[in-house]
Structures are given as C-alpha cells and as structure tokens.
Amino acid sequence: MKERAAPSELPGIPRDADGPVFRAPWEAQAFGLALALHDRGCFTWREWTEALAAEIKAAAARGTPDDGTRYYEFWLAALEKLATAKGLTDAVELLQRKDAWDAAARATPHGKPIELPGRRGP
Amino acid sequence: MRGDHHDHDHGSHFSDTELRVKALESLLVDKGLVDPAALDALVDTYETKVGPRNGARVVAKAWTDPAYKEWLLRDATAAIASLGYTGRQGEDMVVLENTPQVHNMVVCTLCSCYPWPVLGLPPVWYKSAPYRSRAVIDPRGVLAELGVALGPDVEVRVWDSTAEVRYLVLPERPAGTEGWSEDALAAIVTRDAMIGVAQVPAPGEGSAR
C-alpha cells in the first residue's frame, strides 16, 4: 500500500497494490445494485451506510476476519437485508430464485450462457 | 469461493455468493427496479473512469493557484465540481490542508465512506478493521508504520467520514517543485497522500517505501 502512483499507468483506473477495485464480477454487480436502488429512491444513502455498518459490526461480533477483502460480502448481505426491509423482495423469493439459477447453471454445459427457463435478459 | 468443486464435469457452476447476487439482481430487474443497461454503465464508470487522478488534479491546481486554493478550503464541494468532479459520495466535500504544524488523516470507522468522485473506490486496506480502528486509537503509530515520520510538535487530526461529509487531504507541496506545471505536479500526488497516510515526497527523494 505504499506504492507511488505511477504516472505511466493508464489514467483514471483505480487500482492499487491490492489489485483491481473489484476482485470478481459479482462484487461489481452488488456494488452497482446498491447504487441503482439508491438512484431510484428505494432508500437514502444514510440508510445504506447504516445497513452496511451494521453488517460489518455484526461480522466483527461473530469473529469474522475483517481485513478488507470481505467487504463486498458484507455489502451484499446488507443489500439483501435492506432490500427485504424495504419490501423490494423477500427471503422466500430470493431463495427460490437462487435455487433456480443453481439448477440452470448445472444444466448448462460449460461455455454456454446460463439462462433461466422462461425468463429473458440477465 | 467455497465448496464449489463438484459438478464441474457436467454443468456450469455458480458459487453461493454468485447465486445470491444473480438472484437479487434478476428479481430487481424483473420488477423494473433496476435497468440492466444502467447497472452496467454504473459499474463501468467506477471501474474505469473515476480514480485518484481526479483528486490529484484538484491538489495540483490548489498548489499553483492561490485563489483556487482559498475557494477549495472554503467551499470544497463547489471548487471540486468546477473541475467536473461531481457525483455521488462527493455531494458534501471538505478539504483539509496539511501544513508543517498540522497533519490530517481520514478514516471511516463505521464502514468505508470515501470521496468517490475524487479518489475512486477505496483500497482494501482502507476498508479493513485494523485501519478503521487503529487510525483513531493510535494515528501516530499507524502513520509511522506507513513511513510518515512526524515531529512531536506536529498536531495529528483524524477525521471520521460519514454518510454526509467526505474529506480530501490537501498534502504539503514538496520542496523542489517550484515552477512545475500543474500536470507535472498532479503526476506526483498519490492517493495515499490525499487520504493523509503518506506525504508527497520531494523530487529525487527516494520515492516510496
């Protein structure tokens, strides 16, 4: 974390010694979902930071190591809870949809796009 | 991720975490709460367009333009917006000037509030529990570990970010940069210096460790 910003690097790409901003596509998707719901007025940013802080605090209370690499796991858990609390979705629906994606993935050969039966789009 | 070594021979596989994200995203899209194209655009912006170079431009301008610096310290949000750096998590900005007498450093003790429009997304260490807690308890110790040696007469001020207010540190301009252009100055400003956990080294001074 003590590297100097190298001017030769492509400008504007927020990377550091720890690697790219998002370490996996799902982190970026979870990040974007929270912003998109906030943009739509589903919750205030204060509500969001409180939900995230509560999640981080709860993880610490459980003894979950918090070295910064699990940040988006906390982010996702906070997002699920806040979306549920706001009535945007519910636990049953989330679980059913998760199982559907799991089944769809397992039924899809490697390299083929994974789609849910009867649903269009991402 | 975890426990995902079965079934690879026959089908595709998502980790448990990936499945949760897919489930949430697809439900929100189906309900019309999230537009997939807008989601992609958001992610792309933060992955490739926003970063600490924006903050470095702000610092370089303040170093070379006294009127801009005065404006920046008085109304950071407007002064930063005048350079085109606006947007979420930058709505209410405060700039803290480091001087030979005062060293400012920024933390978010509760989560990881951070001035996205000028610094991009926070680095992993900023989000880590050790930094979040130790920056407040023992700022001098943290700074020393990071290679920032401050004299005993320098006052250290730690600023805890909130959902409402975001801080950007205006580092001290290093000696030996007199007459440098804004571009040249911007190139030596580091992200860590704008968080207040590093100093901008003088040119020729063995850069970083």
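Among contacts in chain B between residues at least 6 apart in sequence, 69% join residues at least 24 apart, a contact being a pair of residues whose C-beta atoms, placed from the backbone, lie within 7 Å. The structure is a predicted model, in which local features need pLDDT of at least 70 and side-chain atom pairs count only at pLDDT 80 or more, whereas totals for chains, interfaces and linings use all residues. Residues are numbered from 1 along each chain as its sequence is written, and chains are lettered from A and ligands numbered from 1 in the order in which they are written.

Chain B contains 11 helices and 4 strands, assigned as DSSP runs (helices H or I, at least four residues; strands E, at least two) and numbered from the N terminus. Its C-alpha trace spans about 65 × 35 × 30 Å along the principal axes. Of the 209 residues of chain B, 46% count as buried; a residue is buried if 20 or more other C-beta atoms lie within 10 Å of its own, exposed if 12 or fewer, and partly exposed in between, with C-beta atoms placed from the backbone. Chain B is divided into domain 1 (16-48) and domain 2 (51-195), with bounds that come from an automatic or database domain assignment. The centres of these two domains, taken over C-alpha atoms, are separated by 31 Å.

Strand β4 of chain B (residues 166-170) is mostly covered, with 5 of its 5 residues buried. From this strand, B:Arg166, B:Leu168 and B:Leu170 point one way, while B:Tyr167 and B:Val169 point the other way. Strand β1 of chain B (residues 93-97) pairs with β4(B) in the parallel sense over 5 bridges, pairing requiring that DSSP find at least two bridges between two strands. Within this arrangement, B:Leu168 of β4(B) is the bridge partner of B:Val95.

The contact between the chains takes 56 residues from chain B and 60 residues from chain A. On the side of chain B that touches chain A, α1 (16-30), α2 (36-49), α3 (52-64), α7 (124-127) and α11 (191-195) of chain B each supply at least two residues. The largest share, 13 residues, comes from α1(B). The residues on this side of chain B divide into 30 nonpolar, 13 polar and 13 charged, where Ala, Val, Leu, Ile, Met, Phe, Trp, Tyr, Cys and Pro count as nonpolar, Asp, Glu, Lys and Arg as charged, and the others, Gly among them, as polar.

Helix α1(B) has 15 residues and reaches 21 Å from its first C-alpha to its last, close to the 21 Å expected at 1.5 Å a residue; the expected span is 1.5 Å times one less than the number of residues. This helix is mostly covered, with 11 of its 15 residues buried, including B:Leu19, B:Val21, B:Leu24 and B:Leu27. The buried residues of α1(B) pack against α1 (25-39), α3 (71-85) and α4 (91-106) of chain A. B:Gly32, which follows α1(B), has a positive phi near 75 degrees.

In chain A, helix α2 (residues 45-61) has 17 residues and reaches 24 Å from its first C-alpha to its last. Its buried residues are A:Trp48, A:Thr49, A:Ala51, A:Leu52, A:Glu55 and A:Ile56. Seen down the axis of α2(A), these residues fall within an arc of 160 degrees, so they line one face of the helix; the arc is that of the directions from the helix axis to the C-beta atoms. A:Arg46 and A:Ala61, on the other side of α2(A), are exposed. The cover over the buried residues of α2(A) includes α1 and α3 of chain A. Just after this helix, A:Gly63 takes a positive phi of about 85 degrees.

Terms used:
Contact = placed C-beta atoms within 7 Å.
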